[in-house]
Every structure is written in C-alpha cells, then in structure tokens.
Amino acid sequence: MPAFIRRYLALLAKEVDQLRRNRVLVVQLMLPPTIVLIIFGYALNPKVRDLRVGIVDESFTAESRDFIDALTQNVNFNVTHVYTRVEDAEAALKRLDLDLFLVIPVDFARTLHRGQMADVQVIIDAVDANTAQIAKGYLEMALQNYNNSNLGGFGTAIGPRREIMLVNATHPAPPPGAPDVQAAFLYNPGLVTSWHYVTGVMSIIMFINASLVASALAVKEKETGTIEQLLMTPAQTGEMLFAKATPVFVLMMVVLFLSLVVGMLVFGLPVRGDIWLFALAGALAALAGIGIGIMIATVSKSQQQAQLLTFFVNPPLTLLSGATSPIENMPRFFQKLSYIDPLRYMVTIVRGVTLKDAPWSALWPNLLALTVFSIILFSLSAWRFRKQ
Amino acid sequence: MKKILAQAWKEFRLFRRDKLLMVLAVLMPIVLMLLAGITGSLRLRNVALLVYDYDNTPLSRTYLEAYGAALTFRIVPRKPQESPERALASWRSRAVLIIPQNFERDFRRGAEPTVQLMIDATDSNSATALGNYADSLNTAFAFQSGVSRPPTKGVNLQQRLWYNPGLSDRVFFGTGGLGLMLIIFPALLGALTTAKEYETGTIIQAYASSLRAVQWILGKALLYVVVGMVEFVLCFTLGLLVFEFRFPSDPTILLVATVLYLLAGVFFGMMCGNATQNQSAAIQAVQMGSFLLSLLLSGYLIAIRNIPIQIRWISFFLPATHYIQIVRNSILRDAGWETSFMPLVMLLALSFAFFLLNAVQMRKMQFKG
C-alpha cells in the first residue's frame, strides 16, 4: 500500500474516532432534515385565508345584504364586525382588528335599481403588500361573479361560453367575446405549495450544515492546539484535508437522502428525473460547503469567530439562491450576483431532477458550474490550510 | 448597581478584545437586513414568457403586445424547432403562450378562441399569480379591442389602500427585517459569551465571587443591550435610506419596545448558553430557537393567520411576533400607545420570563455561603 494511502487511512481513523465521540455534532447533522424540513414545508404557506372583514352598511337593504353575502361567502373572507359608523371601522382597522372593511353607501339599492353603477368603498390595510394585493384580487373576482350572475352585468350579449355555463371556482369567466385563456400548470398541477420550499430547503441544508460542521471540526483542532501535532506528522496537508472532509462528506450524503425520503414521505414529493444526478449535485454541494467551512476555519481564531463567520456567509448564499423567493423578482444587480452563488445551481438541479425531469442539455451547465465552484472552493481551502 | 456596572465593564473589555466579533456584530445586521429586504420580494416581475404565435395576424400581434407591455412578463425569443414542454423543462421560460391558427378570424366572429398558457408550476404560488395576471390582461384586451364592453351597471369597488398606498413590499420586509436582525444578533452574542464562560471555566470565578446571580446576569445583559441599541440605530438608518421608513410621531413606544425586545433576545441567548454550556451547541440552539422560528412564525414572511393552527400558538411566545407588530404600528401606521399596548405587555412578560429562567439556572449552581 502506498504511503500516502496509509497515512490517509490513519488520519481518517482518527477523525472518525473524534466524530464518534462528538454525539452533539451528529445530532446537529441529523436534526435539520427531519424537523426543519417539516416545519418549513408546513409553515411556509403563502396562501391567504380568513381575512377579517368589517362592514359599514349604510344602505341597510335587502340588496346590500345580498351583495355582502355574495362577496363574503368563500373561505377567504370572514365578516367579523358590523359597524354603524365609518369612524368605528377606521379605529378597528387601526387597532388591527380588521384587515379590510367595506362601506356601502346610503343610495346603494336605489342606484342599482336605476340601472347605474353603484360605488362601494373598500379600505384595505396594505402594510403587508402581498396580502393586500391578494385580498384585492379576491375581492375583484367575487365582485365580477356578483355582477355577472346577479345583474347580468355584461348586458344581454350571450357568447358561446355563456351557453355552456362555464363554472369555475377560482376564475370568473371572461366577458363574452374575449379569448379564453386556458392555463395548464405543468409539473405541479395540484399546485402543492410545499414542494417548492421543501426542495429549496433541502439544498440549503446541504450547504449550510456542511460548512457549519466542517468549520467546527477544523477550528477545534486549532483551539485545542492539536493542530501543531498534526502539522508535525509526516502527513501532507492534502491528506489531512481529505481525512477531515471524508467523514463529514459521508454524513452529508446520508443527510441528503434522509431529506429526500422525508420530502417524499411527508410531502409526496415526486422524483421524476435521474436519482444519480441528484446524488451527484448533492455531493458537489457538500464538497463546496465543506470547502467554505474549512476556509472559514483557517481565517478565524476561535470557534466563536468561525460560527459567526458562517452566520455571515450562509444567509447571503441562501437569500440569493432563489430557494425561497424567485430570482426574477430581485433587482437586476442581485440577479447577476446570484451567478456566483453555488447554491443557486444546486437548487436548480434539485428542482430539475425532482419536479421537472429537466433535459440533460439544461442540466449540464448547472452541474458544470457547481463542479467548478466546488473545485475552486476546495482547492482554495487547501491552499489556506497549507499556509497556516 | 455598582456590581452590575462592573460586570458590564468587564464584559466590554472582553468584547473589545475580539475585533472580528465587534466588526461582525455591527456590520452583519446591516448587510443581512439589506439582502433580506431586497431579495424577499414576492412580487413577480420580468417573468420570461415564450410565445408561439400560429396565427401571425395583426390582431394576434396586438394581443401579444398586451403581454409584452406588462411589467410582469418579458417576452423571450424562441429557438426554432423547440417544443414548449422542452423550453419549460430547461428553464428557458417560466410560461408559454400559444395562440392558435385563425385566432383573429374567430375573435372577430365572436367565437371566443382559446389561447393556451402553459405555466411552470414548480413554484405554485407564482404560478397561480401568473395565471391571474394573464386573465386580467386578457379581459383588458377584450375591452380595448371593443369586442367586449365593461359592465355599465352593477357594483363598482372604490379601493383605498391605507398605510402603504403604493403596495411596496420593501417597507414590509424592511420593518420585518429590523425585527429579525435585533433578535438574532443579541441572542447570539448572549449565548456565545455565556457558553464561553463554561468552556473556559471562568464561570467558577463568578460562582466564587461575591456577585449574586441576578447581578451577573444583568451585568452581562446590559452590555449586549447597548450593543443591540447601536445595531438598532444603524438598521433604522438603513431603513430610512433604503426601505422607505418614516419617523414615527411618537418614537418613545418604539424605543421602549426595542429595549424590552433586546432584553428578551439577550436573556434567551444566555439561557441557551447556560443550558448547553458549549459554544457550538449554543449557536445551534439560538439558530433554531430565535432565528428559524422568528423567520417563519413571527409574521415576517407570511401572515400569522395563515400558519396552520397546530403550530400557530408558538408564534404567540416569540418576542419577534410582538416586536415586529410594534415596529409596523409605529413606522407604517403611526399608531399610538393604545394599538401597541398588548404587544408591549407581551414583550415585557417574555423578557421577564427569560430573565427568571436565567436566574433559576444560575442560582442552582452558585456556591452556598
């Protein structure tokens, strides 16, 4: 057996022994995929429901009550309070007792009977811009339905669509004569929200945990002073580095498949592409993560500093990767910046393999980028390690 | 009191010696808040839309223009011989619009031609929103071309968006980000310093000294609350510059809430440090307990009402929930004491509870006599 393999094996045995004694670390590694993934998948549900609606009904007629019923008879709105004065409703909105309120004017029924447009005011608390936007959409949809059904709002013109009475729960039918947009939702026809987050978080875990654990292990050697002993041995820095990385790498691969299994069992995540691609991307991401971790360890003097630095490095990587919010939504500069985020490629590949069965021609550039990043990060960390 | 100050001074000298820690503690909140606030936006812009126009008539091109003019969509060129499914599968676009042959003829005849929109629904939330956008563009097109008419009778909604008329999500994420930064870093610092005492064994000195547990805790907390206040000022300034913050007319509410919040954060961190007695485990505990839970369940990202009921109660016990509410009340709604009263009481209760837990942990370990 060549000497370098012997030395590597000896070092590996030492690392495994150390890791075995460090139960906390192993728990730290195994906990996130199970608990974090489940919490994320269930909690991150951007659907808006149960908006609290206040009503100021100054008209107080059968028509106005009809209108309120039509608008609020779905799961999205909950009429919680009815006020007689607008000022009371305003105060309630300010106290956060309401999300929005409707003001129906005195002449509501009269105007309707005259065959004119009756104005109804709606005031929405728009501090949460996203929720406000969605609430607005719901209201408009409910209103369009009301106008179509109760009053024949679009006049007497009947298009072919009207004849077959297209009943659609989420979309009111477009006005007669308009083209029909048939939306087909590919890859996720049931619109399961958790799939997007679960795949994103899965990739994040690979990266963050690898860097966290690697930096903790590497800096510990420095803190306890045993690094001097290591540097005195005949082992080369490369061998040392590989010996350090191997157990972490193996553990991370276990984590990868554990999180995939959790995703499949708990959230019904499909795996439509080639599993080996998923494994390969995971391995590369773990290597890149370990590289980052070791680099951080070489820069910092104590565990405290190392942990803080990982805290500093990881969130930007996570935020820019598109794992939680789409990259297109970001300002252009940040979109460009996301290209130097290795996590971005990992997220793309994971989603491509599990949800999409993306063609090889689309996957290989991402795989290549990830490979380049992990090689660069790993060799940089080796170089830094040697310089100590 | 003197002993508390002395303890705080000792902490400060330790803190000052760690230059990296100092820089990070001050710099990190700003950088993170900036990134989180800017990248967190959920509003769709510039979504790549691939177009297959099999009609190729003036009308079909006008129809496409309606999509191209919207900020939401960005029409991208298509490769020859590429199928829509393949384009979607390889991320060349997020949606594909297919206009059938005879689109113009059918439209003029009033036959309501069908247009297909294929949407990549891996991100189901964006996919739903895209479908809705396309619907409203479609209706607007029908009205504009004069084929359909908007209703002349019925009900018209006059919408007023209060507190944030431009529907800017910067303000929303900025205020949430402020709350998030002020729980992560003070808690982290508190956890690190406490765990370090155990690791280096200097905690024994605290036991042996005449310092009482309460004084030791308060002295440590004092310094990190001051550091937290510096972070608050910096983050608030950033908010004014980038996130459209406004000065509340009564800043005392916000200040009182910030102090209580920082105390809660530091006490929580110290609690983690006491419990784990190990720096990296303490950091993990803080990461789970304050960062992750606050990120998900405090109303920073998603409204608390939308969280499944099984875990929604947790958010009631998170300081971040109440603080973020106060921040938004003060900065965006400019509300007074009355609105923020309950959250303030909750903050007070939580920080006191964390303090008590600390005191109990410490008292158990003090030397007798």
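Reader: Before we look at strands, what makes two strands pair?
Author: Two strands pair if DSSP finds at least two bridges between them. Please keep in mind that this is a predicted model.

Reader: Understood. How many bridges join strand 4 of chain A to strand 5 of chain B?
Author: Nine bridges join strand 4 of chain A to strand 5 of chain B, and these strands run parallel.

Reader: Which residues stand opposite each other there?
Author: Among them, A:M117 stands opposite B:G154 in strand 5 of chain B. Further, A:Q121 has B:Q158 as its bridge partner in strand 5 of chain B.

Reader: What about strand 1 of chain A?
Author: Strand 1 (residues 51-57) of chain A is joined to strand 3 of chain A by five bridges, and the two run parallel. There, A:D57 stands opposite A:I104 of strand 3 of chain A.

Reader: Why is strand 3 of chain A described as largely enclosed?
Author: Five of the five residues of strand 3 (residues 100-104) of chain A are buried, so the strand is largely enclosed by the rest of the structure.

Reader: Which residues of strand 3 point which way?
Author: A:L100, A:L102 and A:I104 point one way from strand 3 of chain A, while A:F101 and A:V103 point the other way, and all are buried. In a regular strand the side chains alternate between the two faces of the sheet.

Reader: Back to the two chains. How many residues does each chain give to the contact?
Author: Chain A gives 100 residues to the contact and chain B gives 94 residues.

Reader: Which elements are on the side of chain B that touches chain A?
Author: The elements that give two or more residues to that side of chain B include strand 5 (154-162), strand 4 (114-120), helix 2 (19-39) and helix 7 (169-200) of chain B. Helix 6 of chain B supplies the largest share, 12 residues. By class, that side of chain B has 48 nonpolar, 31 polar and 15 charged residues.

Reader: New topic: what is the span of helix 3 of chain B?
Author: The end C-alpha atoms of helix 3 (residues 58-69) of chain B are 16 Å apart, which agrees with the 16 Å that its 12 residues should span at 1.5 Å a residue.

Reader: Which of its residues are buried?
Author: In helix 3 of chain B, the buried residues are B:S60, B:Y63 and B:Y67. They cover an arc of only 60° around the axis, which puts them on the same side of helix 3 of chain B. An α-helix has 3.6 residues a turn, so residues three or four places apart point the same way.

Reader: What covers that side, and what is on the other one?
Author: The cover over the buried residues of helix 3 of chain B includes strand 1 (47-53), strand 2 (73-76), strand 3 (95-99), helix 5 (103-109) and helix 6 of chain B. On the other side of this helix, B:P58, B:E65 and B:A69 are exposed.

Terms used. Residues numbered from 1 in each chain as written. Chains lettered and ligands numbered in written order. Predicted model: local features only at pLDDT ≥ 70, side-chain atom pairs only at ≥ 80, totals over all residues. Buried ≥ 20, exposed ≤ 12 C-beta atoms within 10 Å, placed from the backbone. Helix = DSSP H or I, 4+ residues; strand = E, 2+ residues; numbered from the N terminus. Contact = placed C-beta atoms within 7 Å. Nonpolar A, V, L, I, M, F, W, Y, C, P; charged D, E, K, R; others polar. Expected span 1.5 Å × (residues − 1). Arc of directions from axis to C-beta.
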